[in-house]
Amino acid sequence: MASIDDDKKAAAVAAVAEVRMGMLVGLGTGSTAAFAIRALGDRVAQGLAIRAVVTSDASDKLAREVGIEVLDFAAVARVDLTIDGADEIDSRCFAIKGAGGAMLREKIVAASSARMVVIADGSKQVERIGAAKLPVEVLPFAIAYVMRVLTDMDAAPTVRDNYLTDQGNLVIDCHFVSLEDPRATAATLSAIPGILGHGLFLDEVDGAYIATNGVVTRLERAGASA
Ligand code: 5RP
């Protein structure tokens with residue numbers, strides 16, 4: 001029987017097979033994304049010429065270690081393919097991301113990408129997203145105000161302990177009793193001054209590779225270009 005790590009790696013290797021010569025690749029963050037970065041490094045070592053942008057300092061370090069050329073995303077307007085993990089993904093290709101705290105950069109890089117695929121072991125696949133904690137990145141200046149608003153929304157907010165994002169901001173983990181209407185929740189969160197980003201990915205994910213017991217299943221958003 002395959003371990004969770006075997007499944008993360010299998011999903012990552014399947015997604016990395018989408019990378020073609022000359023692409024600019026977005027590299028996600030987290031333990032599953034790390035498998036993808038290593039698998040991409042292996043392909044680079046075999047002669048694949050690609051460049052990458054990264055979504056966190058940790059992924060930047062790993063990508064450089066495995067020989068991937070990393071560009072400064074501030075000078076990049078368009079990415080060909082982004083590969084990233086998720087905390088939950090459902091059949092609509094709606095995802096919750098951000099347990100690793102990188103959701104703000106991850107969403108920007110995903111938005112800039114012609115295609116974005118999630119990689120995950122089977123434990124992340126759910127019928128409907130909503131059970132995982134939903135992280136929001138908050139400007140430290142606004143923390144008390146945002147906590148008050150999220151408490152009023154019954155979001156059961158908790159400030160992540162001893163944690164700052166790569167941008168030096170705080171993370172509040174929310175747990176909504178129900179995420180019946182994720183688009184309404186996303187719009188509400190996006191409209192709160194002081195919230196810089198959140199982990200609801202509703203339009204960014206084009207497809208997913210999900211591995212369970214060594215078997216990789218591919219999911220595609222209706223109408224996505226594979
Ligand atoms: C980081 C993320 C990660 O991709 C997500 O938390 C999954 O991480 P892992 O692959 O370690 O389970 O969104 O912000």
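## Basis

A salt bridge is a side-chain nitrogen of Lys or Arg within 4 Å of a carboxyl oxygen of Asp or Glu. The model is predicted: local features need pLDDT of at least 70, side-chain atom pairs count only at pLDDT 80 or more, and totals for chains, interfaces and linings use all residues. Residues are numbered from 1 along each chain as its sequence is written, and side-chain values use heavy atoms, with hydrogens and water left out.

## Domains and contact

The domain assignment, automatic or from a database, divides the protein chain into domain 1 (4-125 + 202-214) and domain 2 (134-199). Their centres, taken over C-alpha atoms, are 24 Å apart. In the contact (heavy atoms within 4.5 Å), domain 1 has 17 residues and domain 2 has 18 residues.

About 1400 Å² is buried between domain 1 and domain 2, and carbon and sulfur atoms give 52% of this area. Buried area is the accessible area (1.4 Å probe) that two parts lose on being put together, summed over both. Of the area that domain 1 buries against domain 2, M103, L104 and L202 supply 37%, more than any other three residues.

One salt bridge is counted between domain 1 and domain 2. The side chains of D203 and R183 form a salt bridge at 2.9 Å, N to O.
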